[in-house]
Amino acid sequence: MKHKLTVLACVGWALFLSTGFAFAQNSITVESKAVDRCATVSVGIDLTNADAVDAIGLQLVITGSGSITSAAPTARLANHATAVNLQGSDLLLNAAGACLAAGSGDIWTLTVATGTDCSGDIVIDTAATPPIPLGNLILTDCNSCEIPVDFTAGVLSLVNQAPVCGVNTDETLHFSSEIVDKQLNASDADACDNLTYALVSGPGSITGDKYSWNPSCADVAGSPYTVTFSAMGQSSSSSGSTPLNCSLSAWGGIASTTGGRFLVRVPIPGGP
């Protein structure tokens, strides 16, 4: 549900517009940047005001795989009474008080929780049509007159980080009939991803995050054996896909090129 902010009008506003009065440039810009999935990030809201202002009203709407969890005023608004009203995907921000001198800098900092989508953009926008305030975007000068303000939406681009294979040491058996039972080592910086391991090449099998193989005397001649595995990062929004060893698939992260393989040495029967 959207909520309109009270419009602070000034006598003569329509006259200024109709006569082509030249206003100085004022702008509100929501920060745009690349962000991690499944993370908590800070997003700045910048006010560049060529005129001194005494009141700011802003209604924001967030779309995409993310949500605004809180908002806090910065030191620029130290002499202003501020209000934050977060309702669903709508965020109403208000500030009023002593005149804020012309300048540029952040006035609010948003806290945004990013979601599990493997890619895409989170957009933080307002329904106002700049540069004319319509109630969702308001800026008033020190005479309480509305002044035009441009608005630039923030775009947070989700970055899907590939899982990374850690150090997977080689295995040397003391007897050809000895069973290899090895914990695979990989990690994923995306907190919402569950790693899924798959055997790409080599003997043995992988169950969960464990590699196992029970060689026989017949396997001595081919020793050492190279075992290569992949580690896929899958979140709840991802469907399965064919594992790709040490690369990045179209839908999600796959293990990087470091550490995704190890050797298994099978000795001569009865020897070290």
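1. Val227 sits in strand S20 (residues 225–234); strands here are DSSP runs of E of at least two residues, numbered from the N terminus. The residue is buried, at 1% relative accessible area, where buried means under 20%, exposed over 50% and partly exposed in between, with a 1.4 Å probe and protein chains only. Along the chain, Val227 and Ser201 are 26 residues apart, yet their C-alpha atoms are separated by 5.8 Å.

2. A word on the basis. This is a predicted model, so to speak of local features takes pLDDT of at least 70, and side-chain atom pairs count only at pLDDT 80 or more, while totals for chains, interfaces and linings use all residues. Residues are numbered from 1 along each chain as its sequence is written, and side-chain values use heavy atoms, with hydrogens and water left out.

3. On to the cysteines. There is 1 disulfide in the structure, the term being a pair of cysteine sulfur atoms within 2.5 Å. Cys99 and Cys142 make the bond, with 1.8 Å from S to S. Cys99 belongs to strand S7 (residues 90–100), and Cys142 to the loop between strand S10 (137–141) and strand S11 (150–152), so the link ties together parts 43 residues apart in sequence.

4. How open are these cysteines? Cys99 is partly exposed at 44% relative accessibility, and Cys142 is partly exposed too, at 33%. Cys217, for its part, is exposed, with a relative accessible area of 52%.

5. Now the charged pairs. The structure holds 2 salt bridges, each a side-chain nitrogen of Lys or Arg within 4 Å of a carboxyl oxygen of Asp or Glu. One of them joins Glu31 and Lys33, whose closest N and O atoms are 3.7 Å apart. Glu31 is partly exposed at 31% relative accessibility, and Lys33 is partly exposed at 29%.

6. Glu171 and Lys182 form a salt bridge as well, at 3.0 Å from N to O. This pair links distant parts of the chain, with Glu171 in strand S14 (residues 171–172) and Lys182 in strand S15 (residues 180–183), 11 residues apart. What about burial? Glu171 is partly exposed, at 24% relative accessible area, whereas Lys182 is buried, at 6%.

7. S15 turns up again in an open sheet of 3 strands, ordered S15-S19-S18 with antiparallel pairing; two strands pair if DSSP finds at least two bridges between them. S15 and strand S18 (205–207) are the edge strands, each pairing on one side only. Neighbouring strands in this sheet are turned by 25 degrees against each other on average, direction ignored; the axes are lines fitted to C-alpha atoms, and angles run from 0 to 180 degrees between N-to-C directions. Between S18 and strand S19 (residues 210–213), 3 bridges make the antiparallel pairing. Ile206 has Tyr211 of S19 standing opposite.

8. Last, an open sheet of 5 strands, with mixed pairing and the order S5-S8-S3-S1-S11. Strand S5 (66–73) and S11 are at the edges with a single partner strand each, so one side of each has no neighbour in the sheet. From one strand to the next, the twist averages 20 degrees. Strand S1 (residues 26–30) runs parallel to S11 in a pairing of 3 bridges. Where does Ser27 find its bridge partner in S11? At Asp150.

Methods:
Helices (H or I, at least four residues) and strands (E, at least two) are DSSP runs, numbered from the N terminus.
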